[in-house]
Amino acid sequence: MTHERWLPIPDYPNIEVSDRGNARWADTHDSLKCFRWHGYWCVRVSTAPRTLHNLVASLFLPDRPPDATHAYFLTPDRENCAVTNLSWTKPERRPIERKSGRPMSGQLIYALKARAKKGA
């Protein structure tokens, strides 16, 4: 089992985030209380909530493309904010629609592209 790596948030060095998707206070190493906001795990940094998966990606995913603005989950599990479950993407200008007319989620688009690559 690998060791959990911790890095401080650049703008807030008193808060650390791990590569496994955990947050803690840097001085006491006490866990930081996370909460759900619009389906994502968040931590309160200063006065604004910050999504945990974007914090983890910004600290532990080194090869961020210049046009990528968001971290997305490789699996549909939004509970898993570990770096192994994240990748960079840019937001779609127009969401791809299903036959029913409902827009597809980013995870569904990724899964369909991955399935197409396996079949090719």
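Mentor: Helices (H or I, at least four residues) and strands (E, at least two) are DSSP runs, numbered from the N terminus. This is a predicted model, in which local features need pLDDT of at least 70 and side-chain atom pairs count only at pLDDT 80 or more, while totals for chains, interfaces and linings use all residues. Residues are numbered from 1 along each chain as its sequence is written, and side-chain values use heavy atoms, with hydrogens and water left out.

Trainee: How many helices and strands does the protein have?

Mentor: The protein has 2 helices and 8 strands. Along the sequence they follow the pattern β-β-β-β-β-β-α-β-β-α.

Trainee: What is the order of the strands in the open sheet?

Mentor: The order is β1-β2-β3, an open sheet of 3 strands with antiparallel pairing. The edge strands are β1 and β3 (23–25), each of which pairs on one side only. From one strand to the next, the twist averages 35°. Axes here are lines fitted to C-alpha atoms, for helices over the stretch in contact, and angles run from 0 to 180 degrees between N-to-C directions.

Trainee: Which helix packs on that sheet?

Mentor: Helix α1 (residues 52–60) does, touching β1, β2 and β3, and its direction makes about 95° with that of β2. Contact means heavy atoms within 4.5 Å.

Trainee: Back to the pairing: how many bridges are there between β1 and β2?

Mentor: Strand β1 (residues 6–9) and strand β2 (residues 12–18) are joined in the antiparallel sense over 4 bridges. Two strands pair if DSSP finds at least two bridges between them. β1 and β2 form a hairpin, with 2 residues between them. On the other pairing, 3 bridges join β2 to β3, again antiparallel.

Trainee: Which residues stand opposite E16?

Mentor: P8 stands opposite E16 of β2, and E16 stands opposite R24 in β3.

Trainee: And R24 itself, is that residue buried or exposed?

Mentor: R24 counts as buried because its relative accessibility is 14%. Buried means under 20% relative accessible area, exposed over 50%, and partly exposed in between (1.4 Å probe, protein chains only).

Trainee: What does the side chain of R24 make a polar contact with?

Mentor: The partner is the side chain of E16, at 2.7 Å. A polar contact is a pair of N or O atoms within 3.5 Å; within protein, one must be able to donate a hydrogen and the other to accept it, and residues adjacent in sequence count only if both atoms are side-chain atoms. Leaving aside neighbours within four places in sequence, R24 is in contact with W6, N14, I15, E16, H29, D30, S31 and L32.

Trainee: H29 is on that list. Where does H29 lie?

Mentor: H29 lies in the loop between β3 and β4 (34–37). Its phi is near 65°, a positive value in a residue other than glycine. H29 is partly exposed, with a relative accessible area of 46%.

Trainee: What about H38?

Mentor: H38 also is not a glycine, and has a positive phi of about 55°. H38 is found in the loop between β4 and β5, and at 64% relative accessibility it counts as exposed.

Trainee: New topic. Which residues have the most contacts inside the largest nonpolar core?

Mentor: They are V43, L52 and V56, in a core of 20 residues. A nonpolar core is a set of buried Ala, Val, Leu, Ile, Met, Phe, Trp, Tyr and Cys residues joined through side-chain atoms within 4.5 Å. β2, β5 (40–45), α1, β7 (70–73) and β8 (86–89) each supply at least two residues of this core. The largest share, 5 residues, comes from α1.

Trainee: Which residues does L52 touch?

Mentor: Not counting residues up to four places away in sequence, L52 touches V17, G21, A23, C34, W41, C42, V43 and C81.

Trainee: Several cysteines there. How many disulfides are found?

Mentor: A search of the whole structure finds 0 disulfides, a disulfide being a pair of cysteine sulfur atoms within 2.5 Å.

Trainee: Finally, what share of the protein is buried?

Mentor: Buried residues make up 29% of the 120 residues.
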